[in-house]
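Subject: Structure handover

Hello,

Please find the structure below. Some notes on the findings follow it.

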Amino acid sequence: DWNSEWAQRQIFFTVFIYKVSGDPQALERCKFLAQQVITAVNEADFGSMEWYAKETFLRTISDLGGFILDWCYDDLPVALRSDLVQAMYTQTSEFMDTYILSSRGTSYVASHNIYNTIICNQNTLVLYHASELTPAQQNTVESWYRTIYDKLVNEIIPCWTYYRDDDGGWNWGAAYSMWSFVRQFQLFENMKIATKTNFFTSLPWVQNSINQYIYLLQPDNKTLHG
């Protein structure tokens with residue numbers, strides 16, 4: 001039930017349990033969840049969705065559909081995998097057109113824009129070279145990736161650097177917002193695993209951020225914000 005607050009966690013842990021156990025029954029659950037993602041995309045009326053509702057939907061489907069496709073790619077039946085790839089391509093196309101490539105998306109609230117860019121980057125990495133894509137679709141995925149990578153390297157990461165490095169000072173508020181370490185490190189891990197691009201070592205401020213993050217929650221369970 002996509003209306004359940006537990007839906008995302010259920011998918012995450014179902015796939016995780018399958019990967020660490022190899023349990024055939026857990027794989028059946030993954031297949032079921034893959035079909036739920038496919039159905040949700042196929043039944044979505046993107047044109048009538050409210051701006052924030054569509055953003056939430058696309059974020060959820062991206063994260064969970066991509067998680068299933070990435071971790072279970074070799075284990076899904078070919079027909080089901082093909083449908084899941086096409087669903088992920090369809091929703092990524094809507095995500096890119098609405099929140100990354102459009103003028104409204106480009107001028108959108110910075111924290112939302114950054115998070116959406118990270119998620120779309122993840123989508124392109126998951127879809128890259130999926131055998132079920134047509135050559136034209138694969139070219140589009142590569143074009144999306146280049147556009148997003150340029151935005152990350154020339155716009156977003158310099159902004160992070162300003163607030164993390166000596167020039168901008170340490171901004172604790174930014175650390176808790178959607179500019180957070182969790183989002184940043186999600187991007188850095190994705191890039192390191194999928195493309196061997198290591199932002200952990202190429203950005204001087206990252207190691208300091210890792211050290212500082214340890215102290216965001218103090219032993220008395222109070223944060224540095226008080």
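Is Cys-72 buried or exposed? Cys-72 is buried, with a relative accessible area of 0%; buried means under 20%, exposed over 50% and partly exposed in between, with a 1.4 Å probe and protein chains only. Cys-120 also counts as buried, at 0% relative accessibility.

Before the rest, two remarks on the source. This is a predicted model, in which local features need pLDDT of at least 70 and side-chain atom pairs count only at pLDDT 80 or more, while totals for chains, interfaces and linings use all residues. Residues are numbered from 1 along each chain as its sequence is written, and side-chain values use heavy atoms, with hydrogens and water left out.

Cysteines

A disulfide is taken as a pair of cysteine sulfur atoms within 2.5 Å, and by this rule there are zero disulfides. For Cys-72, the closest cysteine sulfur is that of Cys-30, at 4.1 Å, which is too far for a bond.

Helix pairs

Two packed helices are described by the angle between their axes and the distance between the axes. Helices are DSSP runs (H or I, at least four residues), numbered from the N terminus. Axes are lines fitted to C-alpha atoms over the stretch in contact, and angles run from 0 to 180 degrees between N-to-C directions.

H1 (residues 7-21) and H3 (residues 51-72) have axes that come within 10 Å and cross at roughly 10 degrees. H1 is therefore roughly parallel to H3, a term for angles under 35 degrees. The contact (heavy atoms within 4.5 Å) includes Phe-12 and Phe-16 of H1 and Trp-71 and Cys-72 of H3. Its residues divide into 11 nonpolar, two polar and one charged. Here Ala, Val, Leu, Ile, Met, Phe, Trp, Tyr, Cys and Pro count as nonpolar, Asp, Glu, Lys and Arg as charged, and the others, Gly among them, as polar.

H3 also comes within 10 Å of H4 (residues 78-100), axis to axis, and the two cross at roughly 145 degrees. This crossing is left-handed, that is, the near helix is turned anticlockwise from the far one by less than a right angle. Among the residues that meet are Gly-65 and Gly-66 in H3 and Met-88 and Phe-95 in H4. The contact of H3 with H4 holds 10 nonpolar, five polar and five charged residues.

For H6 (residues 110-127) and H9 (residues 181-195), the axes come within 10 Å and cross at roughly 20 degrees, so H6 is roughly parallel to H9.

Regards

Conventions
Angles under 35 degrees count as roughly parallel, over 145 as roughly antiparallel, 65 to 115 as roughly perpendicular and the rest as oblique.
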